[in-house]
Each structure stands twice: as C-alpha cells, then as structure tokens.
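Please read the numbered points below next to the sequence and the model. They go through the two ligand sites and then a few single residues.

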Amino acid sequence: MPLEFELCPGRMIGGNHPCFIIAEIGQNHQGDIEIAKKMIKMAKDCGSDCAKFQKSELDHKFNKKALERPYNSVHSWGKTYGDHKRHLEFSHEQYKELQKYADEVDIFFTASGMDEMAVEFLHELNVPFFKVASADNSNFPYLKKTAKKGRPMVVSSGMQNMETMRQVYKTVKEHNPNFTILQCTSAYPLEAEDVNLRVLTEYQKEFPDIPIGYSGHESGIVISVAAVAMGAKVVERHVTLDKTWKGNDHEASLVPSELAELVRSIRLVERALGNGVKQMLPCEKPCHDKLGKSLVAKVKIPKGTVLTQDMLAVKVAEPMGIDAEDIFKMVGKKVKKDVEEDESILPEVVEGYCKKRKC
Ligand SMILES: CC(=O)N[C@H](C=O)[C@@H](O)[C@H](O)[C@H](O)COP(=O)(O)O
Ligand SMILES: C=C(OP(=O)(O)O)C(=O)O
C-alpha cells in the first residue's frame with residue numbers, strides 16, 4: 001500500500017514529497033469575508049500550500065441547548081454560543097466566493113466539515129480533501145460516511161487515545177486508502193510539555209502505510225519544524241492577522257512573518273534531512289584535505305622493515321599518507337624504501353597495500 005498519495009490535484013504528500021503546509025484560518029476571520037480574503041492571500045504569500053476554514057451547519061453540529069448556552073467570554077461574539085457561532089459562520093454563497101478567490105490567488109482551499117451536513121456541502125463544493133477536526137475523530141458514522149465519499153482525508157487526533165486512533169485508522173482505511181493522521185493536542189495555546197511529538201513515531205509504527213502529520217496549537221514555530229524532522233508530511237497551524245484580536249484561537253496562531261518563517265524553516269529542514277546514507281560527501285573534501293589524519297613514521301623506518309604498530313603515528317600530514325583507519329592493516333607489511341622519522345607513509349611505499357582514498 002502506498003505511503004504517499006495525491007492530497008490535492010497535482011500535489012502528492014508522503015514519501016519524499018515536500019511537507020504539505022495548511023494555513024488554518026479557521027474562524028480567525030472574525031466573521032468578515034474581506035478579512036477572510038486577506039488571510040487567504042496572506043497564506044499564499046507566505047508560501048503555505050492550503051488555506052483552510054471550518055464549516056459547520058450549526059443545527060447539525062450542536063443541539064439546541066448547546067446553542068442556547070450563555071457564552072460569557074472576552075472571545076464571545078454573542079450572548080449565547082449559538083449567536084457567537086452564527087456570527088462566525090460563512091454562508092454557502094460566501095464559501096463559493098472564498099473558494100473562487102483562493103482559486104484566483106492560486107492556493108488550495110478546503111475546510112473542516114464540522115458535522116455530516118457540512119461535509120455534504122464541502123463535497124458539493126468539490127474541495128480537494130476533507131479535514132476531519134479532532135472533535136469528530138470518534139464520530140464513527142461521520143468518519144465512515146466521509147471516507148466513503150472517496151476524497152482524500154486529513155484526520156486530526158486531538159482529545160484521543162491510541163486505542164481509539166487504531167479504530168479510526170481501521171474505519172477510514174476500510175473505505176478510503178488516501179488519508180493521513182495528524183498528531184494533535186487540543187489546548188489553546190498548547191504548552192510544550194503537552195505536545196508529545198513522540199506520538200509521531202508511534203503513529204509511524206502503528207500505521208506504517210499512511211503518511212502522518214502534525215496539527216499544532218503551540219506558540220511559535222520551533223515545535224512544528226521539529227515535527228517535520230520527526231517525519232510529519234502535513235503540518236497545520238492556525239494563522240491570524242493579529243494575535244491580540246478577539247477570538248479563542250488568535251493567541252496560539254501564527255502572524256504572517258511567523259508563517260513565512262515556518263515555511264522557510266520546514267523547507268530548510270527538508271533539505272537537511274537527506275537520504276540517510278552515511279558516506280563522505282564531496283563537500284567534505286576540502287576539510288579532509290586540510291585536516292584529515294593519516295599515517296606518519298614515528299621513527300626512521302629503513303627499507304625492508306616489517307611494520308609494527310609502535311613505528312606508526314596518526315597525524316595531519318603533508319603530503320597525506322595512508323588513511324588513519326588502516327593503521328592496524330599495516331602491521332606485518334614491509335616498506336619498499338626508507339621512510340624518515342615524521343615523514344608521511346605513502347601507499348606506494350608499503351608492499352601489498354592498495355586502497356583508494358575516500359575522496
Ligand atoms: C476542537 C476544535 O474544534 N478546535 C478548533 C480548531 O483548532 C478551534 O478553532 C475551535 O473552533 C475554536 O477554538 C472554538 O472557539 P470558540 O468556542 O470561541 O468559538
Ligand atoms: C479543530 C480542527 O483541527 P485540529 O483538531 O487539528 O486542531 C479543525 O480542523 O477545525
């Protein structure tokens with residue numbers, strides 16, 4: 001089964017493909033479509049791959065009492081949670097407008113479907129992939145229906161344990177091979193002690209045939225970059241135009257300069273990850289030529305002498321002699337001509353020695 005798949009048209013993820021970076025606009029647009037557009041443009045300008053929103057059909061996501069519950073918070077946009085959420089929710093028409101704008105700006109556009117009806121709408125909207133928010137990772141009827149639609153999926157794993165994630169994997173896998181699971185801790189802002197990046201390694205072991213990723217709610221970019229070093233093939237971070245704005249998520253979001261730095265840092269780390277084959281590289285030759293150690297004579301060694309280890313020293317030598325690592329192989333070999341004390345022991349001087357230099 002493939003460890004890589006096409007998440008968006010023409011954009012593979014997993015394997016050696018670049019990490020897919022999702023700028024999660026979420027509800028940081030304050031319910032204002034013009035701010036939302038600015039944020040889409042910002043996501044593109046900063047180099048992220050995708051601008052993401054959160055789509056709910058509120059009567060399907062919440063029951064009546066949850067919508068009527070008072071929301072007394074500095075982050076509230078209404079007296080009740082329902083009023084608050086209604087203020088932040090874009091209509092279907094507005095979603096179409098945002099999708100068109102993202103298309104013009106040339107960035108992938110999607111949203112988390114926060115309930116089954118929202119997924120139906122996003123399916124009609126023809127988003128490239130579905131994001132499953134952490135709150136729905138244990139919503140098995142939703143997972144099954146969403147997986148059956150056949151679009152790639154990015155499934156977050158906040159508020160969950162491994163046992164349930166195994167079930168999530170099985171449920172989605174049964175209907176859809178193209179999905180990724182993101183390590184996530186659902187706290188805003190998230191403290192480093194609660195990030196648990198090692199879960200990425202566990203996910204790689206548990207789910208070896210899917211790419212894995214990271215959805216972060218911490219402050220700053222370092223931890224998300226580290227996630228890529230640990231194998232995350234998708235990274236999602238909330239973004240904002242101003243961390244001091246009203247709203248639950250702004251504080252733990254990245255401002256444009258941070259998002260741009262995150263993208264640069266991820267790309268840099270990807271270059272640095274390499275292929276894992278340990279060998280001396282051409283770029284190391286100058287250092288090796290200058291400071292690489294080789295064999296020199298500790299004492300004068302007359303022609304015909306059979307070498308013992310105490311005749312040999314390891315030094316930075318001019319010219320460079322036999323590789324230091326071959327010192328033990330020299331013992332018992334004969335020299336073909338006189339070698340003065342402190343002189344390099346050259347390969348052609350030792351009988352029966354032939355080895356190409358490493359570089
Ligand atoms: C778990 C989950 O859905 N979390 C989302 C994604 O990270 C958040 O963006 C919430 O929608 C947000 O924090 C809710 O804030 P309020 O309750 O003020 O609307
Ligand atoms: C809540 C969301 O994501 P996560 O669970 O990854 O934070 C989301 O995508 O809306």
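1. The shell around ligand 1 divides into four nonpolar, six polar and two charged residues. In this count Ala, Val, Leu, Ile, Met, Phe, Trp, Tyr, Cys and Pro are nonpolar, Asp, Glu, Lys and Arg are charged, and the others, Gly among them, are polar. The residues around ligand 1 are Q27, Q54, Y71, Y81, H84, K85, M114, Y188, H217, H238, N248 and D249; a residue is near a molecule if one of its heavy atoms lies within 4 Å of it. Helix 4 (residues 81-88) gives the largest share of this shell, three residues. Helices (H or I, at least four residues) and strands (E, at least two) are DSSP runs, numbered from the N terminus.

2. This is a predicted model, in which local features need pLDDT of at least 70 and side-chain atom pairs count only at pLDDT 80 or more, while totals for chains, interfaces and linings use all residues. Residues are numbered from 1 along each chain as its sequence is written, chains are lettered from A and ligands numbered from 1 in the order in which they are written, and side-chain values use heavy atoms, with hydrogens and water left out.

3. Which polar side-chain atoms lie 2.4 Å from an oxygen atom of ligand 1? One belongs to Y81, and another belongs to D249. For Y71, a polar side-chain atom lies 2.7 Å from an oxygen atom of ligand 1. Taken alone, ligand 1 exposes 480 Å², and the protein buries 86% of that; accessible areas come from the Shrake-Rupley method with a 1.4 Å probe, and for residues only the protein chains shown count as cover.

4. Ligand 2 is surrounded by 14 residues, and the closest are S112, S134, S156, S215 and H217. This shell consists of four nonpolar, six polar and four charged residues. H217 is also listed among the residues around ligand 1.

5. How far is a polar side-chain atom of S156 from an oxygen atom of ligand 2? The distance is 2.4 Å. For S112, an N or O atom in the side chain is 2.6 Å from an oxygen atom of ligand 2, and for K52 a polar side-chain atom lies 2.9 Å from such an oxygen atom. On its own ligand 2 has 290 Å² of accessible area, and the protein covers 95% of it.

6. Is N28 buried or exposed? N28 counts as buried because its relative accessible area is 1%; buried means under 20%, exposed over 50%, and partly exposed in between (1.4 Å probe, protein chains only). N28 is placed in the loop between strand 3 (20-26) and helix 1 (33-45). Its side chain makes a polar contact with the side chain of S253 at 3.0 Å, and the N28 side chain also reaches the backbone oxygen of V239 at 2.9 Å. A polar contact is a pair of N or O atoms within 3.5 Å; within protein, one must be able to donate a hydrogen and the other to accept it, and residues adjacent in sequence count only if both atoms are side-chain atoms.

7. L197 is in the loop between strand 8 (179-184) and helix 9 (198-206). Its relative accessibility is 16%, so L197 counts as buried. L197 and S224 are 27 residues apart in sequence, and their C-alpha atoms are 9.2 Å apart in space.

8. N16 lies in the loop between strand 2 (11-14) and strand 3. N16 counts as exposed because its relative accessibility is 82%. N16 and E34 are 18 residues apart along the chain, with their C-alpha atoms separated by 37 Å.
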